[in-house]
Amino acid sequence: MRLDFFDLQLFINILSTGSLTKGAERSAISLQAASERIKKLEQHFEVSLFTRHATGVKATLAGQTFAEHAQHLLQQQQQLQQAMLPFAHSATSNIILWCNSSAQSEYLPHLLPQYLMENPKLHIELKEAETNDIIQALSTGTAQLGLISGFFDAGQLETQEFAEDPLVLICPSQHPLATAAQLELGELLQHPFVGLMQYHSLQQSIEAQAKRLGCDIHYRLRVPNFAAIAQVVANGVGIAIIPKRAALRLKAQYDFQQIELLGKWANRKLLLAARCFDQLPADYQRFSQFLLNQHDQLIGH
């Protein structure tokens, strides 16, 4: 058996999460592939690395010793990579990440600088598209990796949770809804809205929820992005539904009230999607693992 650094990182991910399933997700591979890799490690060293129990896994004494050495080797690998950078060839690697507007404006600008600084030969192109178009591109092989809204059916694609991306209501400070703590969608539909353009998947999902209640949304104005929505709402034109992360960012610039929305449809998630994570090129697999490892960091921002 050839021991590689990916197996060492997989072991650390399983140990830190206390779960084979979560460790596999963090490593951007399937549960079956993770289980097979750990089994091969145990067979190679002729030890049990984990004990399985109802709530997850724990390292055995052998596993604890393995973890110490694995962490040391991974640190040495990073040091070696940094030491070799000055001698690397000039060839660059390119990654195209398809993403919806929420991922592009609210999450990736915070995360990507770190990855690009650590990988100076890498170029990342963000291709903004609607979630349905991203799903189609991934399914046909036009795209290899995408960030999509969990509201839509991803079909046969493999998906893993990237971040929570709940929706909130924003309204003018003097609006009748401004003092509410929480609201259902049905309580909003008698008021005029400010929304994104008709082709936008976020707006389509909100309208779909309204139709389930037997209502249509009345728009006073449609604009192209969240910043324009916040500005128009702050000027008293109407109410709007936007991602919570966008509302928190724009609250410093515009005077509006933010109100929590109730319902599963509003508590959506952003998912990282691919046809098969295990079959992605190596640079895409590393990038996928980086994005999935940022989940805990995103919660605090």
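The exercises below work through the helices, strands and ring contacts of one predicted model.

Residues are numbered from 1 along each chain as its sequence is written, and side-chain values use heavy atoms, with hydrogens and water left out. Because the model is predicted, local features need pLDDT of at least 70 and side-chain atom pairs count only at pLDDT 80 or more, while totals for chains, interfaces and linings use all residues.

**Exercise 1. The chain as a whole**

Task: state how many helices and strands the protein chain has, and what percentage of its residues count as buried.

Solution. Step 1: the protein chain has eleven helices and 13 strands; these are DSSP runs numbered from the N terminus, helices being H or I with at least four residues and strands E with at least two. Step 2: 45% of the 301 residues count as buried. Buried means under 20% relative accessible area, exposed over 50%, and partly exposed in between, with a 1.4 Å probe and protein chains only. Step 3: the C-alpha trace spans about 70 × 50 × 35 Å along its principal axes.

**Exercise 2. Helix H1 against helix H3**

Task: find the angle and the axis distance at which H1 and H3 pack, and name the residues that make the contact.

Solution. Step 1: helix H1 covers residues 5-17 and helix H3 covers residues 31-45. Step 2: their axes are 10 Å apart, at an angle of about 105°. Axes are lines fitted to C-alpha atoms, for helices over the stretch in contact, and angles run from 0 to 180 degrees between N-to-C directions. Step 3: H1 is therefore roughly perpendicular to H3, a class that holds for 65 to 115 degrees, whereas angles under 35 count as roughly parallel, over 145 as roughly antiparallel and the rest as oblique. Step 4: H1 contributes Phe6, Asp7, Leu10, Phe11 and Ile14, and H3 contributes Ala34, Arg37, Ile38 and Leu41; contact means heavy atoms within 4.5 Å.

**Exercise 3. Aromatic pairs**

Task: classify the pair formed by phenylalanine 11 and phenylalanine 66, and then the pair formed by tyrosine 115 and phenylalanine 290.

Solution. Step 1: the whole structure holds eight aromatic pairs. Rings of Phe, Tyr and Trp (its six-membered ring) pair if their centres lie within 6.5 Å; planes under 30 degrees apart count as stacked, over 60 as edge-to-face and the rest as tilted. Step 2: phenylalanine 11 and phenylalanine 66 are 4.7 Å apart centre to centre with 70° between the planes, an edge-to-face pair. Phenylalanine 11 is in H1 and phenylalanine 66 in helix H4 (residues 61-84), so the pair ties together parts 55 residues apart in sequence. Step 3: tyrosine 115 and phenylalanine 290 form a tilted pair, at 4.6 Å and 35°. Tyrosine 115 belongs to helix H5 (residues 101-118) and phenylalanine 290 to helix H10, so this pair ties together parts 175 residues apart in sequence. Tyrosine 115 and phenylalanine 290 are both buried.

**Exercise 4. Strand S13 and its partners**

Task: identify which strands pair with S13, and in which sense.

Solution. Step 1: two strands pair if DSSP finds at least two bridges between them. Step 2: S5 (residues 146-149) pairs with S13 in the antiparallel sense over four bridges, with isoleucine 148 opposite leucine 271. Step 3: S6 (residues 158-164) is also antiparallel to S13, over six bridges; here glutamate 158 has alanine 274 as its bridge partner. Step 4: five of the six residues of S13 (residues 269-274) are buried, so the strand is largely enclosed by the rest of the structure.
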